[in-house]
Amino acid sequence: MLAIHSVPPLPRISSSLDGNRARDQEASSSSSIPTPGKIRRLVLSPEGRTKMNSSPDRDFYSFPRFVTHVDDGFISTLTDVFRERLKPGWEVLDLMSSWVSHLPKDVDYKRVVGHGMNAMELARNPRLEYFFVKDLNLEQRLPLEDSTFDAVLCTVSVQYLQYPEKVFAEVFRVLKPGGVFIISFSNRAFYEKAISAWRDGTSYSRVQLVVQYFQCIDGFTQPEIVRRLPGNLDNTTSPLTWLLGLFGLSQSDPFYAVIAYKNFKPI
Ligand SMILES: C[S@@+](CC[C@H](N)C(=O)[O-])C[C@H]1O[C@@H](n2cnc3c(N)ncnc32)[C@H](O)[C@@H]1O
């Protein structure tokens, strides 16, 4: 059962971790603490959660990176997925965001809320109406009300979560029934900050890992997997690109998305 929880409205710009902590403490001292989705089982072992670089994530993300972490082909596939799955007028949460959200430019959403680790990156993101900064490896509760969002996005970042079960349970809580959670990733990462279960895996096992993150929460629908691999005939119009892909010489980033809905998939 989900308890109704009210937190103060998010400020338009939340620019510091300390501000975030203060808000969290305020929220946790309230008597109506929200109930996240029920975690059926833990997916990761303690060893699987470890990172090579165990310094605070706050330090690693303290300076802004105004770069794109994947290539144009990946981004264009992702934007197509968003166009297909997200409806105009929706409320969207871009979890683990930066200065770009990769949403289709010509689609208007009612509200896009951003979360990330660097306030300067988030402040420059033109799609965000609000944002907040929070280290999800320190504490997983999202300072957001229950059943608020039609869609939650997590782009090329899931590999950094050390407690994905709790984060997915929180995403379940803040999604509206029928809302969608879209996780996308490629074969790139800040290696030292990715968890060992990710680093030691293959692209196949990483997809399965994210499937398990969904399956460990009561109430997500069976996850769907979208793959666009370099050299896929159905993904490539250029014969040269196809040929390069065939011999493993393609430079383009493989695209994977794992997608599931809260309770049911709307038709
Ligand atoms: C590779 S960037 C991807 C940013 C963005 N989603 C994009 O598509 O450009 C990884 C992001 O993961 C987020 N992140 C990494 N570690 C985190 C942590 N401990 N808590 C919360 N977010 C984290 C940060 O927002 C960081 O910008």
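Begin by selecting helix α5, residues 164-174, in this predicted model. Its buried residues pack against β1 (91-97), β4, β5 and α7. Of the 11 residues of α5, 10 are buried, so the helix is largely enclosed by the rest of the structure. The buried set consists of Pro164, Glu165, Val167, Phe168, Ala169, Glu170, Val171, Phe172, Arg173 and Val174.

Next, select Tyr163, which lies in the loop between β4 (149-155) and α5. Is Tyr163 buried, exposed or partly exposed? Tyr163 counts as partly exposed because 18 other C-beta atoms lie within 10 Å, whereas a buried residue needs 20 or more. Leaving aside residues up to four places away in sequence, Tyr163 touches Asn137 and Gln140.

Move on to helix α7, residues 203-215. Its 13 residues, at 1.5 Å a residue, should span 18 Å, and the end C-alpha atoms are 19 Å apart, which agrees. Colour Arg206, Val207, Leu209, Val210, Tyr213 and Phe214, the buried residues of α7. Now look down the axis of α7: these buried residues fall within an arc of 155°, so they line one face of the helix. An α-helix has 3.6 residues a turn, so residues three or four places apart point the same way. Turn the view to the face of α7 directed away from the buried side, where the exposed residues Tyr204 and Ser205 are found. On the buried side, α7 packs against α5, β5 (175-185), α6 (196-199), β6 (224-228) and β7 (255-261).

In soluble globular proteins, nonpolar side chains tend to be buried together. Select Ile183 and ask which residues it touches beyond those up to four places away in sequence. They are Cys154, Val158, Val210, Ala257 and Val258.

Now display the ligand and its shell. The ligand is surrounded by 16 residues, the closest being Met96, Gly116, Leu136, Thr155 and Ser157. By type, the shell divides into seven nonpolar, seven polar and two charged residues.

Stay with Met96, which belongs to strand β1. Met96 counts as buried because it has 20 C-beta neighbours inside 10 Å. Most residues other than glycine have a negative phi.

Ser147 likewise has a positive phi, of about 50°, and is not a glycine. Select Ser147 in the loop between β3 (130-133) and β4. With 16 other C-beta atoms within 10 Å, Ser147 is partly exposed.

Finally, zoom out to the whole protein chain. How many helices and strands does the chain contain? Its secondary structure comes to eight helices and seven strands. Buried residues make up 40% of the 267 residues. Among contacts in the chain with a separation of 6 or more, 74% join residues 24 or more positions apart.

Technical notes. Residues numbered from 1 in each chain as written. Predicted model: local features only at pLDDT ≥ 70, side-chain atom pairs only at ≥ 80, totals over all residues. Near = placed C-beta within 6 Å. Nonpolar A, V, L, I, M, F, W, Y, C, P; charged D, E, K, R; others polar. Helix = DSSP H or I, 4+ residues; strand = E, 2+ residues; numbered from the N terminus. Buried ≥ 20, exposed ≤ 12 C-beta atoms within 10 Å, placed from the backbone. Contact = placed C-beta atoms within 7 Å. Expected span 1.5 Å × (residues − 1). Arc of directions from axis to C-beta.
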